[in-house]
Amino acid sequence: MKPINSNWFVRARLKNRHIPLLVALGDTGNLNRAAEGLGISQPAISKLLKDLEDGLGVALFERHARGVVPTLYGETMIRHARRLQNTLESVYSEVDALRQGQQGHVRIGTILTPCAELLPEVIGLTKQRFPGLELSIRTGSSRDLMAILDDGELDFLVARFFAGGQQHDLNFEPLAEEPLRICARAGLVQGPLSRAELNAADWVLPPAGSVLRQEFDALFQRVGMRPPTKVVNAENLLMVTTLVEKNDVLTVLPRDVLAHYARYGMLAEIDVDPSIEAELNQGLMAYGIITKNQQLLSPAARNVLDLLRATARKMSLG
């Protein structure tokens, strides 16, 4: 890095006031009119110009009775002063947009269900109101996402809250429950299935330890049955839905996610006894907004959070 005193503008004693001065003189060719436009006196503008010329060691303007005419040096300085002024104005506009939350990068972590309805609505509203924002969406399990949030790689989550460990400083705002439904490819099952038939079926299920898997296994354990053993474990939604579409297997999905695939005739809900459905969702944990420290969120992240809250309220009432 060069020492600062090697820069020409330091040696020439260039001040921030010289930039608008050069632009004004280039526009008006007159000291008085330039002074009026800048809101300073004519002697003050003459002194500023003299100081700059002395610092550069060249004459920037030729003085005439009717005004000033830029020399070759002056034309060069005016041209660069205009560019610099435009750049500084752009910098201010960009900084102001960041301050107002109209630009920036917002990183959201989410579980599966909000991806079906809530987040697409929020993202659409965000792009309408803040088109300069960049959004990144990361999906995963609630526990994994909370660890990533704790590391500072995400701004906030739409997930379930699990207390413990390093997560004592996280804030949780409940939004909605995530009812689960048993489903298969359209047309596979004709009529209701009993617990015994569900237990004997082939399944594609979330990995052991996940919330959805825990709820599914508990469905059988509550009536003294072992959970199904003919299981393919798959976490990726594309893999799950593709396996279900192409094979005679069942799976369990959040209601809103299933509704999305059912609209296109890809999956269908399996008819089960109402008591089975109730037990499947017994004690199911609600999901919501998880933040680490809202005071440290960028204006852009706070804007998206406000839209998320408003959209969730609207959807819960609708």
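1. A residue is called buried here when its relative accessible area is under 20%, exposed when that area is over 50%, and partly exposed in between, with a 1.4 Å probe and protein chains only. By that scale Arg107, at 25% relative accessibility, counts as partly exposed, whereas Asp155, with a relative accessible area of 13%, is buried.

2. The model is predicted, so that local features need pLDDT of at least 70 and side-chain atom pairs count only at pLDDT 80 or more, while totals for chains, interfaces and linings use all residues. Residues are numbered from 1 along each chain as its sequence is written, and side-chain values use heavy atoms, with hydrogens and water left out.

3. Side chains of opposite charge can pair when their charged atoms come close. With a salt bridge taken as a side-chain nitrogen of Lys or Arg within 4 Å of a carboxyl oxygen of Asp or Glu, the count comes to 17 salt bridges. One of them joins Arg107 and Asp155, whose closest N and O atoms are 3.1 Å apart. Arg107 belongs to strand β3 (residues 104–110) and Asp155 to the loop between α7 (142–150) and β5 (156–159), so this pair ties together parts that are 48 residues apart in sequence. Helices (H or I, at least four residues) and strands (E, at least two) are DSSP runs, numbered from the N terminus.

4. A further salt bridge links Asp217 with Arg213, the closest N and O atoms being 3.4 Å apart. Both residues sit in helix α9 (residues 211–221), four residues apart, and are therefore separated by about one helical turn; Asp217 is buried, and so is Arg213.

5. Asp256 and Arg255 also meet through their side chains in a salt bridge, at 3.3 Å from N to O. Asp256 counts as partly exposed at 24% relative accessibility, and Arg255 counts as partly exposed at 38%. Elsewhere, salt bridges that share partners join Glu173, Asp306 and Arg309 into one network.

6. A nonpolar core is a set of buried Ala, Val, Leu, Ile, Met, Phe, Trp, Tyr and Cys residues joined through side-chain atoms within 4.5 Å. The largest such core has 51 residues, of which Leu157, Leu198, Trp203, Leu250 and Leu308 touch the most other members. Helix α13 (residues 299–317) gives the most to this core, with seven residues. Apart from this core lies another, of 19 residues, among them Ala35, Phe61, Val68 and Met77.

7. Leaving aside neighbours within four places in sequence, Leu250 is in contact (heavy atoms within 4.5 Å) with residues including Cys183, Leu188, Leu198, Trp203 and Ile270.
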